[in-house]
Each structure stands twice: as C-alpha cells, then as structure tokens.
Amino acid sequence: MHLQIVMAFALLLWWPDGPPGTPWLHRPLDVCLAVWGTPIIIALAAQMLCVITRTRLKHPTRASSALPFYHRGVLVLRVAALVALAGHLLVTPWPLMLADIPLIRAIPGLPQLCILVPYFMSLIAIWWMLYPVEKASRGFTPTAQRTSRWRYVVFNLRHQVLIVALPLAIIVITFAATREYRPALIRLTGSKWAPEALLGVVAMAIFVFSPILLRRVWATSPLPEGPLRDKLLAMCGRIGLRVREILVWHSDGVMVNAAVMGLFPRVRYIMLSDTLLASMTDDEIEAVFGHEAGHVRHHHIPYFLLFALISMLIASGVIEFLARTCRDANAVWHLSDDAIQALGLAAIVPIWGIGFGWVSRRFERQADVFGASCASPPKRSDNCRLPCCVHDGSGAANGDAVCATGAGIFVKALGKVALLNGIPPTERSWRHSSIASRMRFLTELSGDPMMARRFAGRVRGIKRALVLLSILGLGISAVYLWQNPGYRREILTSVIEPLRKLWK
Ligand SMILES: [Zn+2]
Ligand SMILES: [Zn+2]
C-alpha cells in the first residue's frame with residue numbers, strides 16, 4: 001500500500017503540468033465527471049467485492065477461498081485507483097483546471113496536491129465499503145470490538161496514507177517552490193543546479209527526521225514501565241541496538257504489527273501495536289521485537305538506499321545512451337526526449353518489480369533469523385527443551401545456526417500475526433514472502449546448521465554485490481562525466497565554482 005502512495009506522488013512529480021499530449025477530454029463538465037466519477041465507481045466495485053466475499057465466507061465449501069479472493073480483489077481496486085489517477089494526469093486537463101483556480105494557484109504545490117484528492121477519496125471509499133469483511137475476517141482480538149467503521153477508516157488513513165503522504169507532500173511543495181523561484185535561486189547562488197540541490201537537501205532532511213513527525217501521525221505512546229519494558233531494554237543492550245524510544249502503537253485492535261523507523265539512533269523508534277502486546281506472550285513479543293531489531297542490526301535500510309542508487313544510475317545510463325545514439329540527424333532510430341525519458345524509467349520497472357522484492361524477501365528472512373535468536377535461551381543454559389544444534393553441545397552448530405526453541409517461538413508469533421490480521425498464511429507477499437513459507441524456512445533452518453550457514457552466505461553475497469555495483473556505477477559515471485567536455489564545464493561552473501565561493 002505504501003508503495004502505491006509513493007507511486008502516486010512519483011506520477012505527480014513526473015507530470016506536474018498536465019497532459020503531455022492533446023487531452024482526450026475537453027469540456028470541463030466531462031473532465032469533472034471523469035475525475036469525480038472515479039471514487040464513485042471504485043466505491044460501487046468495493047461494495048460488490050464486499051457482498052461476494054461475505055456470501056462466500058458463509059458458504060462452508062467456499063469459505064477457504066474467500067479471503068485469498070478478497071485480498072486479490074482489494075489489490076485490483078487499489079491498482080485501478082492508481083491507474084485512474086494516471087489517467088487524470090495524462091489524458092485530461094484536470095491539472096490545468098486546478099492551476100486556473102486563483103485560491104489554489106496562490107500556494108506553490110497546492111494545485112499538484114489537489115490532483116490527488118479523488119485518488120485519496122477512492123482509497124477511503126474502499127476502506128469504508130470493505131469494513132464489514134475486515135471485521136468478519138479477523139480472528140478474535142480482545143480490543144477489536146471497540147472499532148467502529150469511522151475509526152477504522154481514520155486509522156487506515158493515518159497508517160496507510162498519511163505516513164507516506166505527509167513527507168511526500170512537503171517534497172511536492174518544495175519542488176513547486178523551487179520551480180517558481182528558480183531564477184531567484186540561481187541568481188543568489190550562481191549555480192544552475194541550485195534548485196535541484198535544495199530539493200535534494202530537503203528530501204534528505206525529511207528522510208532522516210520523518211520518524212519524529214510520524215510518531216505523531218500514528219497514535220503512539222512510550223511503552224509503560226514494567227517487566228516487559230525492562231526485558232526489551234535489556235535485550236537492546238545485549239544486541240547493541242540503540243533506540244530513542246519503544247512505542248506502543250494504538251490501533252484499536254485493528255492491527256497486529258511491529259515496525260522500526262529511523263536511520264540514526266537519535267531518531268529511531270521501535271513500535272509494537274496494542275493488539276500485538278495484548279495477544280502475545282513476552283517470549284513472542286521479544287521475538288517480534290528481535291525481528292525489527294534485526295533490520296537495524298543488519299543495516300537493511302542503508303542497503304536498500306544502495307539499491308535505489310544503483311537503479312537510478314542504470315536509468316540515467318539508459319537515458320544517456322539513448323540520447324547519444326537516437327538524437328543525431330543520421331541516427332538509425334529517432335526518439336523524442338519524452339520517449340527517451342520514458343524508456344529510461346521503463347528500465348527501472350523490472351529492477352524494482354523483480355529485484356527489489358527478491359532482495360527484500362531475503363532481508364525479511366534474515367530479520368526472522370535474528371528474531372529467533374533473540375528469543376533463544378542464552379548459549380550455555382539448559383532452558384532449551386528441544387533437540388537443538390545450538391544447545392546440545394554436539395559441535396555441529398556454527399555461528400549462523402538457529403536454536404530450535406527460538407525458531408519455535410518466532411514461528412508461533414508469526415502464526416498469530418497471520419490469524420489476528422486475517423491474512424491467509426499461504427498468501428504471497430512481494431516484500432515479505434508468504435507467512436507459511438517463512439515459518440517453514442525458519443523451522444528447516446533450525447534443524448540444519450549447514451543450511452543456515454549457506455543462507456547467511458547468500459545474504460552476505462547480496463550485500464557485497466550491492467556495495468560493489470554502487471562503487472562501480474559511481475566510478476563509471478564520474479569518469480564518464482569528467483571525460484565529456486560539455487559535462488565537465490557544467491560541473492566546474494555549476495558545482496565547483498559556487499561551492500568555492502561559498503567557502504570563501
Ligand atoms: Zn520485517
Ligand atoms: Zn536451543
């Protein structure tokens with residue numbers, strides 16, 4: 001879901017000024033019907049999905065297929081809302097109509113943000129209509145009864161949309177402002193690239209400090225003093241994890257989840273949802289907490305940033321190559337600038353669509369292993385009651401081996417996450433793999449120290465490849481830019497000179 005919101009904003013930044021070609025619709029009435037009709041059509045489709053799923057849930061033979069069917073349906077609805085947004089941007093003059101309204105035009109970025117309103121209304125419509133299924137499909141949770149439809153929609157809006165939309169809205173506003181005040185910025189700094197540099201700095205600052213904002217967007221409060229807090233803090237000390245605060249994530253019983261956010265210890269929070277705390281034993285909570293800690297200790301976010309860097313370098317490489325070969329008068333292929341940009345972007349799609357999911361699923365499993373090790377009894381203790389290669393002292397274990405007791409606790413916690421969130425364990429997940437496959441993998445790993453070693457080696461290989469590809473890509477682009485007289489002049493006049501003036 002978060003990725004879809006990011007894509008919606010990416011569309012906005014890509015086409016901020018309205019359709020690239022002649023719009024399909026012209027009359028303002030047609031445009032309004034098309035744009036405001038979207039949430040209504042999505043709402044009707046969601047209502048249909050709700051009725052079909054509830055009928056299937058009541059039917060004894062079809063109940064097991066009801067939830068997978070329902071989740072696929074929800075995905076289709078969300079993607080349809082996103083495709084409709086692309087349509088509003090690319091084939092209707094809706095963005096231009098908004099930019100013509102004086103009150104909206106007065107604030108930089110507001111016309112762009114208003115383009116998204118029908119999209120957000122579609123999402124709200126989906127949650128509103130599907131609430132009965134959500135309520136029926138979740139296992140019993142002690143707090144679930146309190147949630148009303150209203151609160152459910154507001155909760156999703158805060159957790160699914162605002163968390164991503166708020167930081168991105170600041171970037172859109174900065175983007176619009178740097179475009180509006182471009183001449184002034186260039187005059188002030190003497191650099192043609194000053195607006196882009198400013199946008200980059202703002203984006204980086206938002207990325208680093210967003211946890212401070214987000215802990216307010218999500219209803220959270222510090223985990224109260226008590227034995228659980230002491231245990232978790234002791235664990236932080238043991239595994240060398242520094243966090244600003246452990247937070248309870250108030251979800252009205254809607255969600256069993258945990259998350260970590262923040263790149264640096266001063267702005268890093270680990271969050272455990274209220275329902276997770278209410279429904280799991282202390283051991284299981286430690287295991288889930290350990291999974292989130294594993295993401296931090298294994299540096300998954302910095303490696304994802306390297307992944308993003310590599311994909312950007314590849315896209316610019318494709319664009320540069322096409323521009324060199326297809327713009328000449330005697331080139332074999334003639335491509336417009338827009339087509340070249342689009343092809344460069346298209347090169348990113350398989351990298352993210354396939355590559356990102358693949359890396360992410362391996363990182364999730366590495367975090368699972370870390371979570372299991374956090375739930376394991378200490379190395380030299382007799383608390384491990386299962387046949388276990390870590391604790392039986394046979395010497396078969398290596399540093400990567402997983403304790404059977406720890407794995408068992410983690411697997412049980414995962415099972416609860418599936419049950420209480422209404423996720424079928426076999427349902428596939430692009431970023432996390434299915435819960436059933438994660439449970440199976442961890443159980444196998446705990447019985448096979450060699451498999452654990454192979455897995456650890458594979459993840460190390462992925463990380464090394466990411467570092468090497470980044471260094472290689474940066475090296476090649478640096479040499480390429482410097483060898484090219486046009487680019488070299490550009491770098492000297494737009495970067496080095498203004499920087500030198502700044503230091504004087
Ligand atoms: Zn995770
Ligand atoms: Zn053990």
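I started at His 299, which is partly exposed, with 14 other C-beta atoms within 10 Å. My cut-offs, on C-beta atoms placed from the backbone: buried is 20 or more other C-beta atoms within 10 Å of a residue's own, exposed is 12 or fewer, and partly exposed is in between.

Housekeeping before going on. This is a predicted model, where local features need pLDDT of at least 70, side-chain atom pairs count only at pLDDT 80 or more, and totals for chains, interfaces and linings use all residues. Residues are numbered from 1 along each chain as its sequence is written, while chains are lettered from A and ligands numbered from 1 in the order in which they are written.

**Positive phi**

I looked up phi for His 299 and got a positive value of about 55 degrees, although this residue is not a glycine. Most residues other than glycine have a negative phi. I placed His 299 in the loop between helix 13 (282–297) and helix 14 (300–326). Helices here are DSSP runs of H or I, at least four residues, numbered from the N terminus.

Ser 433 turned up too: not a glycine, with a positive phi of about 65 degrees. I found Ser 433 in the loop between helix 16 (404–421) and helix 17 (435–447). Ser 433 counts as partly exposed, with 19 C-beta neighbours inside 10 Å.

**Helix 17**

I followed the chain into helix 17, which has 13 residues. From first C-alpha to last it reaches 19 Å, close to the 18 Å expected at 1.5 Å a residue; the expected span is 1.5 Å times one less than the number of residues.

Which residues of helix 17 are buried? I noted Ile 435, Arg 438, Met 439, Leu 442, Leu 445 and Ser 446. They cover an arc of only 135 degrees around the axis, so they sit on the same side of helix 17. That arc is taken over the directions from the helix axis to the C-beta atoms. I then checked what they pack against: helix 15 (337–375), helix 16 and helix 18 (449–483).

**Domains**

I have domain 1 as 1–137 and domain 2 as 317–467, with bounds from an automatic or database domain assignment. Their C-alpha centres lie 31 Å apart. The contact takes 6 residues from domain 1 and 4 residues from domain 2, a contact being two C-beta atoms, placed from the backbone, within 7 Å. On the domain 1 side, helix 3 (63–91) and helix 7 (117–137) are the elements that give two or more residues.
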